[in-house]
Structures are given as C-alpha cells and as structure tokens.
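Notebook open, structure loaded. I'm jotting down what I look up as I go.

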Amino acid sequence: MSSGFAFKGVHSSRFGIVYRPESRMLMPTARRNVIAVPGRSGVYTQTYGDYDERVESFACGFVRRGTTLPATTARQIAGWLSGTGKLVFDEEPHLFYMATIIDAPPLSLHRNYAEFTITYTANPPFAMSEEKTVTLDETGISYPATVKTPTLLKIRNDNASSISNVHIIIRRLTE
C-alpha cells in the first residue's frame, strides 16, 4: 500500500515524496456564536449545525534522486503545491478535499534528503466524491453522508411519460 497523496492531479510519488499525517481531525470545528450578556453569568450560545473550514497538516520527506539536488526538487514541489485543487489521500482514493496550502512549508534541507510539513485548509470542510449517476427506482436513492453537506440533485426524465409524485427526503447516516 502506498503512502502518498495527489494534489491538482499530480501524485506525490512523482517527486519521491512520502508522507505521515500529523493532525488528521475527526471532524472540523463546529461554528458557534457566543454572546456575553452584561450582568448575567455564562454566555448565550447559538449553533446552527455549521462548521468552520478544516485545517490539517502532514509531514513529508523525499530523498535525493540521481544528480538532482534536494533544493531543485523542493522548488519544483513548491510550484506544484501553490494554488487550490483537489487533494486526494491514497488511503481514501474515492474522496477528495478542495484544498489550499495555507502556510509557507518550513523546509529542512539536508545533503541527500529534505523534510517539510504541509498545512492545508479544506473549504468546504468535508471530504467529497465525484459526481455519480444513478437510476431512480422504487427504493429511492441512497447516498451516504455523515453531516449536512451541500448536495446537487438533478432529475432528468429520459422517457416520454411525465414524472409525478417525487418526494425527496434527506437523511444522514447518524439518523
């Protein structure tokens, strides 16, 4: 099993990078509005079930390949990691995050290898999957999700007969 990731369609193995997750989160931070009322102990808290962006980091390293200096490879990696794109981890190849590298990764350069830590933000903060086409039947459509996430549902009628009595019920796996 490989231990890498792909960003913007390029796999880390292209640069000989291996990685180790450092701060994979179980879930993003819940968004709360807190209001302190003068003359009253405690606070008034409002929550709507929304979440802040996901911020995670992972350690990476690569060894010198042939005559290419680690500093040269590091500059190529820096160009690849700039911007926003799909981030896919090898252990979950069917899911991706829309990620942006948010910190200037500190680089520890050595003669024959280099190490650095990548910190990224994912917004929306949940793993997503590619578009799926399913056929609607009597049992409905099952699409597993664990939290309230944006979903686009398109219904297309490929028949000459009309569509009627369509009911859409959204349930999360936790319900």
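Is valine 10 buried or exposed? I get 19% relative accessibility for valine 10, which counts as buried (buried is under 20% relative accessible area, exposed over 50%, partly exposed in between, with a 1.4 Å probe and protein chains only).

Ground rules before going on. This is a predicted model, where local features need pLDDT of at least 70, side-chain atom pairs count only at pLDDT 80 or more, and totals for chains, interfaces and linings use all residues. Residues are numbered from 1 along each chain as its sequence is written, and side-chain values use heavy atoms, with hydrogens and water left out.

Entry: valine 10. I find valine 10 in strand E2 (helices, H or I, of at least four residues and strands, E, of at least two are DSSP runs numbered from the N terminus). Skipping neighbours within four places in sequence, I list Phe5, Phe15 and Trp80 as the contacts of valine 10 (contact means heavy atoms within 4.5 Å). Tryptophan 80 is 70 residues away along the chain, yet its C-alpha sits 8.1 Å from that of valine 10.

Entry: confidence. I checked pLDDT, the predictor's confidence in each residue from 0 to 100. The chain average is 82, and 82% of the residues score at least 70.

Entry: strand E10. Why do I call E10 largely enclosed by the rest of the structure? Because seven of the ten residues in E10 (residues 113-122) are buried.

Next I looked up its partners (two strands pair if DSSP finds at least two bridges between them).
- E6 (residues 54-63) pairs with E10 in the antiparallel sense over ten bridges; I noted glycine 61 bridged to glutamate 115 of E10.
- E8 (residues 97-101) runs antiparallel to E10 with three bridges, and threonine 100 has threonine 121 as its bridge partner.
- E9 and E10 make a hairpin, with three residues between them.

Entry: after E10. Leucine 153 lies in the segment that follows E10. I get a relative accessible area of 46% for leucine 153, so I log it as partly exposed.
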